[in-house]
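Hi,

Here is the structure I promised to pass on.

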Amino acid sequence: MTRISVKVDGTTYEDEVEPRLLLVHYLRDRLGLTGTPVGCDTSNCGACTVDLDGVSVKSCSVLAVQTDGCAVTTVQGLAQGGELTALQRAFHERHALQCGYCTPGMLMAARDLLKENPRPTAVEVRHALEGNLCRCTGYQNIVRAVLAAAADEEVPA
């Protein structure tokens, strides 16, 4: 077992973890943060995307021990005080989800894009989200939602 200290969605956790435990399983099984889904366990789908020290990563490809001393933001940590972010509102208002399975990863990847490029084009949005698979929507409403959020709000924190 290895001792880690990690800040997740603003709360610091100190835990003993198996060295081989994936971050996605740590978040879901140990911390109860089930908003980050297990999609494919191969880093192909992007559903498990989280923010690790300011960088978008697929949590099925990161070991929990690698997050020692780091800050992780999950989709559950986006809304503050019960208020949705402009990006979350745009996804809702523009019907950028169907089954919702890919939505957490799409939101996190889009958030990362908007931090780096607050006014992306549709082509840039599609490129930024190409590591996230959606089997339902055809992506058009997801792209529209990201563009709408970029027009409505300053760069996400």
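Predicted model: local features only at pLDDT ≥ 70, side-chain atom pairs only at ≥ 80, totals over all residues.

Residues are numbered from 1 along each chain as its sequence is written, and side-chain values use heavy atoms, with hydrogens and water left out.

**The sheet**

Five strands make an open sheet with mixed pairing, in the order β2-β1-β5-β3-β4. Strands (E, at least two residues) and helices (H or I, at least four) are DSSP runs, numbered from the N terminus, and two strands pair if DSSP finds at least two bridges between them. At the edges stand β2 (11-17) and β4 (55-58); each has a single partner strand, so one side of each is left without a neighbour in the sheet. From one strand to the next, the twist averages 35 degrees.

Seven bridges join β1 to β2, and the two run antiparallel. Among the bridge partners, K7 goes with T12 in β2, and S5 goes with E14 in β2. The hairpin of β1 and β2 has two residues between the strands, and D9 there takes a positive phi near 50 degrees. Towards β5, β1 has two bridges, and that pair runs parallel. K7 turns up here too, with A71 as its bridge partner in β5.

Which strands does helix α1 (residues 23-30) touch? Helix α1 packs on the sheet against β1, β2, β3 (49-52) and β5 (71-73), and its direction makes about 105 degrees with that of β2. Helix α3 (residues 103-116) also packs on the sheet, touching β3, β4 and β5, with about 40 degrees between its direction and that of β3. For these angles, axes are lines fitted to C-alpha atoms (for helices over the stretch in contact), and angles run from 0 to 180 degrees between N-to-C directions. Contact means heavy atoms within 4.5 Å.

**Two cores**

A nonpolar core is a set of buried Ala, Val, Leu, Ile, Met, Phe, Trp, Tyr and Cys residues joined through side-chain atoms within 4.5 Å. Buried means under 20% relative accessible area, exposed over 50%, and partly exposed in between (1.4 Å probe, protein chains only). The largest core has 24 residues, of which L87, F91, M106, L129, I142 and V146 touch the most other members. Helices α2 (86-93), α3 and α5 (140-152) each supply at least two residues of this core. Leaving aside neighbours within four places in sequence, L87 is in contact with L107, A110, R111, L114, V146 and A149. There is also a second, separate core of 16 residues, including I4, L33, V57 and V72.

**Residues to click on**

D51 sits in strand β3 and is buried, at a relative accessible area of 6%. Its side chain makes polar contacts with the side chains of R111 (3.2 Å) and K115 (2.9 Å). A polar contact is a pair of N or O atoms within 3.5 Å; within protein, one must be able to donate a hydrogen and the other to accept it, and residues adjacent in sequence count only if both atoms are side-chain atoms.

V55, in strand β4, is partly exposed, with a relative accessible area of 47%. Not counting residues up to four places away in sequence, V55 touches V50 and D112. The C-alpha atoms of V55 and D112 are separated by 6.9 Å, although the two are 57 residues apart along the chain.

N132 lies in the loop between α4 (122-128) and α5. Is N132 buried or exposed? At 5% relative accessibility, N132 counts as buried. The side chain of N132 reaches the backbone oxygen of G105 at 3.2 Å.

**Cysteines**

With a disulfide taken as a pair of cysteine sulfur atoms within 2.5 Å, the count comes to zero. For C48, the nearest cysteine sulfur is that of C60, 3.8 Å away; C48 is buried, with a relative accessible area of 3%. For C99, the nearest cysteine sulfur is that of C136, 3.7 Å away, and C99 is exposed, at 58% relative accessible area.

Cheers
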